[in-house]
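Hi,

Here is the structure I promised to pass on. My notes on it are below.

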Amino acid sequence: MLKPVLLFGYGNLSRGDDALGPLLLEYAESHCGLDEVEVLTDFQLQIEHALDLENRRLVLFVDASVACVDAFDFTVLEPARDKSYTTHAMSPAAVLDVYQSIKNQTPPPCFLLSIKAEQFELGDGLSANAETNLVEACSFAGRLLSNPDLDFWLTQANAV
């Protein structure tokens, strides 16, 4: 049976801090109640992932980012056709745009939890700063997942 909340972490466990998304999912699976949450992971977002949004109440994408000012950012996503639309790795906004195009409807409320990252070299482990950032992001994600309510998530997005 399809669960109403999708937690989608993406990244490569073999590329240093790029592992932050999948590592947050590992935390959620061992520390959070996931009765209403489906966990999905992949190396990168692709066009097919638009179908994973179908019949969801909330979607949380989780990824590593060098653009974060703080340990993590939490933002509301809107569909957008960006340059990633024609590549093999897409942005979450482009996935939402594909969903909107193929389903002829607005995607479910989607959010992005970006965790501050520094290094992405093949074979490296997490940087010390990324480990600290992951702990903060896991705590935050745990609060979100324990309260899968759109108004609560929107309040959190405005507070971060």
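Val76 counts as partly exposed because its relative accessibility is 38%, where buried means under 20% relative accessible area, exposed over 50%, and partly exposed in between (1.4 Å probe, protein chains only). You'll find Val76 in strand E4, residues 72-76. Together with Leu150 and Leu154, Val76 makes a nonpolar surface patch of about 190 Å². Areas are Shrake-Rupley with a 1.4 Å probe, and for residues only the protein chains shown count as cover.

Before the rest, a caveat: this is a predicted model, with local features needing pLDDT of at least 70 and side-chain atom pairs counting only at pLDDT 80 or more, while totals for chains, interfaces and linings use all residues. Numbering starts from 1 along each chain as its sequence is written, and side-chain values use heavy atoms, leaving out hydrogens and water.

As for the whole protein chain, it has four helices and five strands (DSSP runs numbered from the N terminus: H or I of at least four residues, E of at least two). From the N terminus on, the order is β-α-β-β-β-α-β-α-α. The C-alpha trace spans about 45 × 35 × 30 Å along its principal axes. Buried residues make up 46% of the 160, and the protein chain exposes about 8000 Å², with carbon and sulfur atoms supplying 50% of that.

Cheers

Methods. Patches are made of residues with over 30% relative accessible area and no salt bridge: like charges are joined within 9 Å, nonpolar side chains (Val, Leu, Ile, Met, Phe, Trp, Tyr) within 5 Å. A salt bridge is a side-chain nitrogen of Lys or Arg within 4 Å of a carboxyl oxygen of Asp or Glu.
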